[in-house]
Amino acid sequence: MTEHLLNSKQMAQFVASGYLKFEDMIPKDLCEACREEMPNFGGYMAVGTPFEETWPKNTPLGDAFRLPQVQGLIHSLIGPDPLYDHHAAHLVKANQMRGPDAHQDSVIDFRENYFDIQLSFFPVDTTDEMGGTFLIPGTQYRNVRTGEIGLYQHMRGKIWATCPAGTMYVWNTRVWHGSRSNHTDQDRYMFKLRLNPTRPQIRTFDTSDLDDPAIPGILNTNHGWEGNEHRYELMHRMKLWRYLSGQPDYDIGERFLRRIEYNPGRVAVA
Amino acid sequence: MPPVQDILVLFQTAPALDTQVVAWARYEASKGARIQDLVEEEDPPYNTAIEAMRDGWQVIQMSELKHRVPEDGYELGPLPYQTVLARYNVLEEEE
């Protein structure tokens, strides 16, 4: 397990951008078996139950999400013993077009010091023309009601999945995202699995590089759309990083959190 | 056939018309009732609303500044400001 944990720089990137991408996560032969299994894998299982008990065993998709490298990724972000939330084999059929589709999953969610993860697995080579899922990196701190952000047809910083078979994206479920047109004659699948933590998400990753001087710069990433809001984004990133890394006073640069926390007139009330 | 209204919405992080555009949307009634296939665009059609105005777009709404209170002064949600622009174009045959 330890060898597959995310390091601190990767976690900082997840805090700043809300996603990470890993090519070659699932071996090619297992990808092919998973692709064959996807159309008939079945629908929702029991929401909120232990993943290990609920997730099927001895099937290609059962095995894929139990690979050590996938388990290490899950553990790094949400800790041990996660709960199954839901899964879906998302299909955009050959030559199926999509209009504006930006949305935030599920319902508006104000939980602090908490996030669910979604694993998005692409079982075949996914080209630009096949319409891989798009994400707006960094939007995970912006709470909106599901599909109302379809208004944002285009946004600076938007990325979309173009990747070889076996690639897995992992993302904070609150990242704004959507599907895209498939301009090929080949059906496009993306298999997603959502998981919940069962305990505080504190230092669940490899913290041996926690003092790496690259981390402040990573946390300060500008995705192109933040503009005048960047320092407010940064304050939310700092709060989550303080929590995940177990550093309650952490701050960077101009220390905007300190600027609203520092107050010598504040007296503790017994 | 009389011209019909096309709408361009430019989203910004400050309300001034010379603020950088960070997101955008088109509702071009002249071209059809809905966008069937959204073609990706890396950059906005105009960098600022005033650039669009210089290309013939008329501003029909601009944003007011927001009053901030402690309870939600740091909360993040939708992009805070937008400029709505209109231009009239001749109706095209729908494909």
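**View 1. Helix α1 of chain A is largely enclosed by the rest of the structure.** In this predicted model, local features need pLDDT of at least 70, side-chain atom pairs count only at pLDDT 80 or more, and totals for chains, interfaces and linings use all residues. Residues are numbered from 1 along each chain as its sequence is written, with chains lettered from A and ligands numbered from 1 in the order in which they are written. Helix α1 covers residues 8–17, and eight of the ten are buried. A residue is buried if 20 or more other C-beta atoms lie within 10 Å of its own, exposed if 12 or fewer, and partly exposed in between, with C-beta atoms placed from the backbone. Helices (H or I, at least four residues) and strands (E, at least two) are DSSP runs, numbered from the N terminus. The buried set in α1(A) is Ser8(A), Met11(A), Ala12(A), Gln13(A), Phe14(A), Val15(A), Ala16(A) and Ser17(A). These residues pack against β1, α5 (68–78), α6 (215–219) and α7 (230–245) of chain A.

**View 2. Strand β8 of chain A is covered on both faces.** The strand spans residues 167–172, and six of its six residues are buried. In a regular strand the side chains alternate between the two faces of the sheet. One side of β8(A) carries Thr167(A), Tyr169(A) and Trp171(A). The other carries Met168(A), Val170(A) and Asn172(A).

**View 3. Strands β1 and β4 of chain A each run antiparallel to β8(A).** Strands pair if DSSP finds at least two bridges between them. Four bridges join β1 (residues 19–22) to β8(A). Here Lys21(A) has Tyr169(A) as its bridge partner. Six bridges join β4(A) to β8(A). Within that pairing, Trp171(A) stands opposite Gln118(A).

**View 4. Val15(A) and Val170(A) touch the most other members of the largest nonpolar core.** This core holds 74 residues. A nonpolar core is a set of buried Ala, Val, Leu, Ile, Met, Phe, Trp, Tyr and Cys residues joined through C-beta atoms within 7 Å. Val15(A) is one of the buried residues of α1(A), while Val170(A) is a buried residue of β8(A). Setting aside residues up to four places away in sequence, Val170(A) touches Tyr19(A), Leu20(A), Leu73(A), Leu77(A), Ile117(A) and Leu119(A). Two residues are in contact if their C-beta atoms, placed from the backbone, lie within 7 Å.

**View 5. Strands β7, β5 and β9 of chain A form an open antiparallel sheet.** The order is β7-β5-β9. The edge strands are β7 (159–160) and β9 (177–178), each pairing on one side only. Two bridges join β5(A) to β9(A). His177(A), in β9(A), stands opposite Leu135(A).

**View 6. Asn113(A) and Thr146(A) take a positive phi without being glycine.** Most residues other than glycine have a negative phi. Asn113(A) has a phi of about 50°. It is found in the loop between β3 (83–92) and β4 (117–122) of chain A. Asn113(A) is exposed, with 12 other C-beta atoms within 10 Å. Thr146(A) has a phi of about 45°. It lies in the loop between β5 (134–135) and β6 of chain A. Thr146(A) also counts as exposed, with 12 C-beta neighbours inside 10 Å.

**View 7. Chain B touches chain A, with strand pairing across the two chains.** Contacts link 19 residues of chain B with 24 residues of chain A. Strand β2 (residues 23–28) of chain B gives the largest share of the chain B side, four residues. That side divides into eleven nonpolar, four polar and four charged residues. Ala, Val, Leu, Ile, Met, Phe, Trp, Tyr, Cys and Pro count as nonpolar, Asp, Glu, Lys and Arg as charged, and the others, Gly among them, as polar. Strand β6 (residues 154–155) of chain A pairs with β2(B) in the antiparallel sense over two bridges. Trp24(B) is the bridge partner of His154(A).

**View 8. Chain A as a whole has eight helices and ten strands.** Its radius of gyration is 19 Å, close to the 18 Å that the globule rule gives for 270 residues, so chain A is as compact as a globular protein of that length. The radius is taken over C-alpha atoms, and the rule is 2.2 Å times the number of residues to the power 0.38. Of the 270 residues, 41% count as buried.
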